[in-house]
Amino acid sequence: MTRPPFSPARFWAMVVKEFIQMRRDRLTLGMMLGVPMMQLILFGFAINADPKHLPAAVLLADHGPQGRTLLYAMRNSGYFAFVRDVRSEGEGRELLARGDVQFLVNIPENFTRDLLRGDRPALLVEADATDPAATGNAIGALRVLAGGALQHDLRGPLAFLADAEEAGGVPAEPPKDPIDLRVHARYNPEGITPYNIVPGLMGVVLTATMVMITGIAITRERERGTMENLLSMPTRPLEVMVGKIIPYILVGYVQAGLILLAAWLLFGVPVAGNLLLLAGAALIFIAANLAMGITFSTVAKNQMQAMQMSFFFFLPSLMLSGFMFPFRGMPAWAQAIGELFPLTHFLRIVRGILLKGNGLDDVLLQLWQIALFAAVALTVGLMRYRQTLD
Amino acid sequence: MAERSGAADGLAIDVRGMTKRFGPITAVDRIDLQVRAGEICGFLGPNGSGKTTFIRMLCGLLRPDAGRGTCLGHDVITESGAIKRQVGYMTQRFSFYEDLSIAENLDFVARMYAVPDRRRAVRESLEQLGLAHRQRQLAGQLSGGWKQRLALAACMIHAPRLLLLDEPTAGVDPNARREFWEEIHRLAGRGLTVLIATHYMDEAERCHRLAYIASGRLLTHGTVPEVIAKARLTTWLVSGPDLVGLAGQLRVRPGVQQIVAFGSRLRVSGDDAEQLEQAIAPFRAGRHDWQRVEPGIEDIFIHLTEAAGSGPS
């Protein structure tokens, strides 16, 4: 008379029901297949922890052949791509501050003369080291190549410059490179990773929470049946949407403030720039994410779908924004996709303001791209928002 | 201007040919409906007959595929904004915020309609509800009957001229239902027009006017006596032994259109009185007690539904 502890029939009924429900919820099924595919592609193809072809600006004040040899050698290493010639250090530093170039290579006046005299002229390389991972390998390669590059040029009578021993002298000290390579890791001279990660985390946390929180905002009204009531009242879509966004902007600010405080107190991240500017940029960034969430909310049928959509948005944001892996390490197509995400631009802004001391001029280019994203997302959301239940 | 014309002919609702299709299904099929200002109009029909869809079209929640007309003098197609401001719509399912308190819900609705002197309106509404002392309680914690009263109070806070109530008494106990109807009559007495969807037949009798729909079609409308007279139905009440057997025998006779069991009695109806009388004649001499009665509103509705070719689902 006792019930069997396990009934295969009931077990099978459960299995069949789950399969039917799984098949009905196409989006979930799509996500279950789509997310691994996306991860596969992102990790497999887009991510490269050894970024090459990093853009560099050159300040060439000496026109001797040896300077050019050095530049060729740098280019041939694959790490440097000389994209700009600058006339002054100021110009070069501006490019560095805006993030247009990763390096500024300075071959000073009288480089050739000093080299030939054996005076070990300086080769100045300034690196944007906000992300130590992005520049580390390139700088390592540079140190190796600085010694070897001129070997070819320094032959015959000049050979003594390449190697003191060969020149017959007894070395009193270990042989020196013919040039004096000076690398300035700017903005993060000690190469402290948290300096890069912690400010970036602000953008990541805001993306993760803001998109999701508004993502469920409208679907929740629909699921609980309160949407019908809301629609029967004389409301306009903009009132509903913006009304749902504003409270979470406040939440976003609290989050950003907490992270900033922790960055400063726990990690000692420098605050080189203007915090008010950062607050302004954060406002636009938060609004962009909330607008995205609201738009998901108008598309998703239920809260579960809205959560999945936010995750589907968050994952590539995280991977392709330059938070986890150096942006310049990714192939062009991945960079192009990365440029679409607000997080990518916000990371540049927040790192720029905190570490580089960027001003409004420097961040404006990034900022309007976030604003554009917000406007597009909100427009799509407004178009999708139905004032009727049709 | 439009408002005045609506008031002039005394019609709060005046729509014609209202039609709504969802894919291949016609949920509402060319319904005409006129409701006078200050009337309580019962909107009856089985589940899925299109009552909710029709009401949603009236208050601008759904766009009709065809049809035109006015609601409170405003065009139902083009002026849904104006209609929404003057209509109180109570949804079938409780659709206020369960995680807001009673007072917070009322306050939210009052703000939405820009009710003048909002605080006072909310306070008065709470007092009328008899919920002033529980105003901080979350709406989700209320029982079904109280939720329904809260919903009604919220629908009334902006002093609408028309109430659209979608099965407001479903799942509410008889006592609360009676009180609810008293409230509705009190409101109608003050000049409010009420369209109330229900499938309780006893509630039909409490309405000034009825409209009965099935499968999206309006089958009959009018006052209760009008609806009964129009149907021209003859009903006999039978009592006695083995009514199940009797029903089986009667069912096949021409002229017998419907047999409904009511406890220990059968109600036998048909729209051709003579034919029905001939059909039952052989049985009247038997052990059963036969009595010709006035058909009830329920007999009429069952008759109309079956005549229209679809039983209640």
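Predicted model: local features only at pLDDT ≥ 70, side-chain atom pairs only at ≥ 80, totals over all residues.
Visitor: Is B:Asp117 buried or exposed?
Guide: B:Asp117 is exposed, because 10 other C-beta atoms lie within 10 Å. Residues are numbered from 1 along each chain as its sequence is written, and chains are lettered from A and ligands numbered from 1 in the order in which they are written.

Visitor: Where is B:Asp117 found?
Guide: In the loop between α4 (102-112) and α5 (118-129) of chain B. Helices (H or I, at least four residues) and strands (E, at least two) are DSSP runs, numbered from the N terminus. B:Asp117 isn't a glycine, yet has a positive phi of about 50°.

Visitor: OK, the sheet in chain A. What order do the five strands have?
Guide: β2-β1-β3-β4-β5, in an open sheet with mixed pairing. Pairing here takes at least two bridges found by DSSP between two strands.

Visitor: Which strands stand at the edges?
Guide: β2 (80-85) and β5 (180-186) of chain A; each has a single partner strand, so one side of each is left without a neighbour in the sheet.

Visitor: How many bridges join β1 to β3 of chain A?
Guide: Five, between residues 54-60 and residues 103-107, and the two strands run parallel. A:Val58, for one, has A:Val105 in β3(A) as its bridge partner.

Visitor: Which helix packs on that sheet?
Guide: Helix α3 (residues 65-76) of chain A, touching β1, β2, β3 and β4 (122-128) of chain A. Touching, or contact, means C-beta atoms, placed from the backbone, within 7 Å.

Visitor: New topic: how many residues has the largest nonpolar core?
Guide: 91, and A:Phe103 and A:Ala374 are among those with the most contacts inside it. Such a core is a set of buried Ala, Val, Leu, Ile, Met, Phe, Trp, Tyr and Cys residues joined through C-beta atoms within 7 Å. Helix α11 (residues 275-299) of chain A gives the largest share, 13 residues.

Visitor: What does A:Ala374 touch?
Guide: Leaving out residues up to four places away in sequence, A:Ile284, A:Ala287, A:Ala288 and A:Ala291.

Visitor: Last one: how many residues of chain B are in contact with chain A?
Guide: 17, against twelve residues of chain A. Helix α3 (residues 80-86) of chain B gives the most to that side, with three residues.

Methods: Contact = placed C-beta atoms within 7 Å. Axes fitted to C-alpha atoms, helices over the stretch in contact; angles between N-to-C directions. Buried ≥ 20, exposed ≤ 12 C-beta atoms within 10 Å, placed from the backbone.
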